[in-house]
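This briefing sets out selected structural features, grouped by topic. Please read it alongside the sequence and the coordinates.

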Amino acid sequence: MSEPLIRDIPHIKKNLEQVEGVKSLKVAMPFLGPVLKLFGVDVGQMKEALAGTDELERMAEELSSIPDRFNDLFAKRGWIIYDFMNVEVAKAVITKAESGDIDGAEADLVDYYSPETVEWKLRTMLGIKAFHPRMPLAEKALDDYREGRYHACVPVVLALMDGLVNELHEKRRGFFAEEVDLQAWDSIAAHSKGLNALTRIFQTGRYKTTADAITLPYRNGILHGMDLGYDNKTVAAKTWAALFATRDWAVRAEQGTLSEQPEKPKKTWGELFQQIRENAEDRARIEAWKPRDVRLGEEVPVSGEACDYEEGTPEHALAEFLNYWKARNYGYMTRRLPAREREPMNKAAARLRENFSAKRLQGFEFQSISENAAALTLIEAKLRYEEDGKPVERSLTFRLINERADGSPCVSGKPGSGWSVYNWGAV
């Protein structure tokens, strides 16, 4: 019997089925057009949106194939794909590996896990309540990673991953426990080709002391002092990657959604038409988007209250966040946290208070605003604050992402979306 494919999990299959539905709609348009006009539907706009159906099908097929191709190539080397992994990076390393340069592809994966990327992904771990008390140690491990102290960060991250799984597993088994099952329904990472494959590799018994460099984070060999050559970036990067892949399972374990959930009602034709219109609008926004030439000190003030900045802009959002910090209003600061970190609000506010209460902001100045993508802006700001009675002045680049209420990124200007400060914990 062949191994189940990741592309067959429900939400990927559903996406492919929706594309098939759009193709069917395109075929039926000559007959449906006159009827839709009677209901006030803009048939011209629909035809324009449906014109890209072939390209949509190609993209959907390519995206659905990426998880299986990635894991088939890299799982045995200690890498698996997961929800928050950069798709473009995954596509690039797959292409390089399939062309025959898998060592080069793995080197690119190691480079992908820069300290900045690890820091951003570490913030997503706050979406797991059980990880909150583990964050201080994780941040210390990140400091070690940033400074190249891989010998120090690897054991800590392995321990955090093991403890997180142990706390959430119904049988109280950690990541490295024998026969641990880390499968979850409708999950890319928590698939039989994902985390379970990874645990078997990391659990490998290591019974002989060796000082030779290793490239896999063998837990037993490292923590029991048998593998002495683990002090390298490759092992450290794979350890972080495994922690972030474990997030997918941990979120479902906390929410009680490890098993199949009741099927949601299928979309009506009216809802499908609405979705097509929204997709067309999103595409038009992306095509029309271009980075602004922001002139600080002229059109945009370098400092001020939130009301001094145009509403809906990333600088308005960051000014709002910083002024609430200055006023020590941690509850209102939660409004600019990433969507997945805002609830419950009292706990989100408590995390902000823990991070900011000892730092009393005196003022800030925006030094540069870089719009890197339609949903991503980097704002460098000089902060002046008092910490433990001592004045501090430092520059920090804030990473702001425009997102929907469910936390998914979207092009700036989309109704119902807003800018969130993703690396707030770097202060």
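Is G418 buried, exposed or partly exposed? G418 counts as partly exposed, at 23% relative accessibility, where buried means under 20% relative accessible area, exposed over 50%, and partly exposed in between (1.4 Å probe, protein chains only). The model is predicted: local features need pLDDT of at least 70, side-chain atom pairs count only at pLDDT 80 or more, and totals for chains, interfaces and linings use all residues. Residues are numbered from 1 along each chain as its sequence is written, and side-chain values use heavy atoms, with hydrogens and water left out.

**The sheet**

- Four strands form an open sheet in the order 3-4-5-6, with antiparallel pairing; strands (E, at least two residues) and helices (H or I, at least four residues) are DSSP runs numbered from the N terminus, and two strands pair if DSSP finds at least two bridges between them.
- Strand 3 (359–373) and strand 6 (418–421) are the edge strands, each pairing on one side only.
- From one strand to the next, the twist averages 25 degrees; axes are lines fitted to C-alpha atoms, for helices over the stretch in contact, and angles run from 0 to 180 degrees between N-to-C directions.
- Strand 3 and strand 4 (residues 376–387) run antiparallel and are joined by 12 bridges, and they form a hairpin with two residues between them.
- Within strand 4, K382 is the bridge partner of E365, and Y385 stands opposite L361.
- Strand 4 also pairs with strand 5 in the antiparallel sense over 12 bridges, and F398 in strand 5 is the bridge partner of I379.
- The hairpin of strand 4 and strand 5 has two residues between the strands, and D388 in the turn has a positive phi of about 55 degrees.
- Helix 13 (residues 314–326) lies across strand 3, strand 4, strand 5 (390–403) and strand 6, and runs at about 165 degrees to strand 3.

**The surroundings of G418**

- G418 is found in strand 6.
- Apart from its neighbours within four places in sequence, G418 is in contact (heavy atoms within 4.5 Å) with R336, I401, N402 and E403.
- G418 and E403 are 15 residues apart along the chain, and their C-alpha atoms are separated by 5.7 Å.

**Helix 7**

- Helix 7 (residues 135–146) has 12 residues and should span 16 Å at 1.5 Å a residue, which agrees with the 16 Å between its end C-alpha atoms; the expected span is 1.5 Å times one less than the number of residues.
- The buried residues of helix 7 are M135, A138, A141, L142, D144 and Y145.
- Seen down the axis of helix 7, these buried residues fall within an arc of 165 degrees, so they line one face of the helix; the arc is that of the directions from the helix axis to the C-beta atoms.
- The buried residues of helix 7 pack against helix 6 (115–124), helix 8 (150–168) and helix 11 (233–255).
- G148, whose phi is positive, near 80 degrees, follows helix 7.

**Cysteines**

- The count of disulfides comes to zero, a disulfide being a pair of cysteine sulfur atoms within 2.5 Å.
- C153 is buried, with a relative accessible area of 1%, whereas C307 is exposed, with a relative accessible area of 69%.
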